[in-house]
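Have the structure open as you read.

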Amino acid sequence: MHLDEYEISLSRELGLCNGLIRKCRRLLDRMESRHGMTTAVFLDHWLQGKLSASRELTEWRDGAEGLQRWTEARNEYERLLGIMKI
């Protein structure tokens, strides 16, 4: 059963995800610029224990994890919205 309310709710969630993805990307861009390395290199160094934990580096790691989670959520909402429009 297709109800407009479901589509509206999915669209709102999709908008929320897109906003949080933009926020995470801004954080990652700022950190990459400040530290002169890509997020992928940073995460590799972090996982190998080459970096000491600081508030800023923890924020960077959290931003990278957040980007992944919100991107996955956005993709799922887009998939569900696509099904509804068939």
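## Ground rules

Axes here are lines fitted to C-alpha atoms, for helices over the stretch in contact, and angles run from 0 to 180 degrees between N-to-C directions. Helices are DSSP runs (H or I, at least four residues), numbered from the N terminus.

This is a predicted model, with local features needing pLDDT of at least 70 and side-chain atom pairs counting only at pLDDT 80 or more, while totals for chains, interfaces and linings use all residues. Residues are numbered from 1 along each chain as its sequence is written, and side-chain values use heavy atoms, with hydrogens and water left out.

## Helix 1 against helix 3

Helix 1 and helix 3 pack with their axes 8 Å apart, at an angle of about 150 degrees. That makes the pair roughly antiparallel (the label for angles over 145 degrees). Their crossing is left-handed, meaning that the near helix is turned anticlockwise from the far one by less than a right angle.

Sorted by class, the contact of helix 1 with helix 3 has 20 nonpolar, six polar and ten charged residues. Ala, Val, Leu, Ile, Met, Phe, Trp, Tyr, Cys and Pro count as nonpolar, Asp, Glu, Lys and Arg as charged, and the others, Gly among them, as polar.

## Helix 2 against helix 3

Helix 2 (residues 39-47) meets helix 3 (residues 55-84) at about 115 degrees, and their axes are 11 Å apart. These two are therefore roughly perpendicular (65 to 115 degrees), and this crossing is left-handed too.

Which residues make the contact? Helix 2 brings Thr39, Phe42, Leu43 and Trp46, and helix 3 brings Leu57, Thr58, Trp60, Arg61 and Ala64. Six of the contact residues are nonpolar, two are polar and one is charged. Setting aside neighbours within four places in sequence, Ala64 touches Leu28, Thr39 and Leu43, where contact means heavy atoms within 4.5 Å.

## The core

The largest nonpolar core has eleven residues, among them Phe42, Trp46, Trp60 and Ala64. Such a core is a set of buried Ala, Val, Leu, Ile, Met, Phe, Trp, Tyr and Cys residues joined through side-chain atoms within 4.5 Å. Helix 1 (4-35), helix 2 and helix 3 each give two or more residues to this core, and the largest share, five residues, comes from helix 1.

## Away from the core

Ser9 is placed in helix 1. With a relative accessible area of 39%, Ser9 is partly exposed (buried is under 20%, exposed over 50%, partly exposed in between, with a 1.4 Å probe and protein chains only). The C-alpha atoms of Ser9 and Trp46 are separated by 37 Å, and the two residues are 37 residues apart along the chain.

Terms used. Angles under 35 degrees count as roughly parallel, over 145 as roughly antiparallel, 65 to 115 as roughly perpendicular and the rest as oblique.
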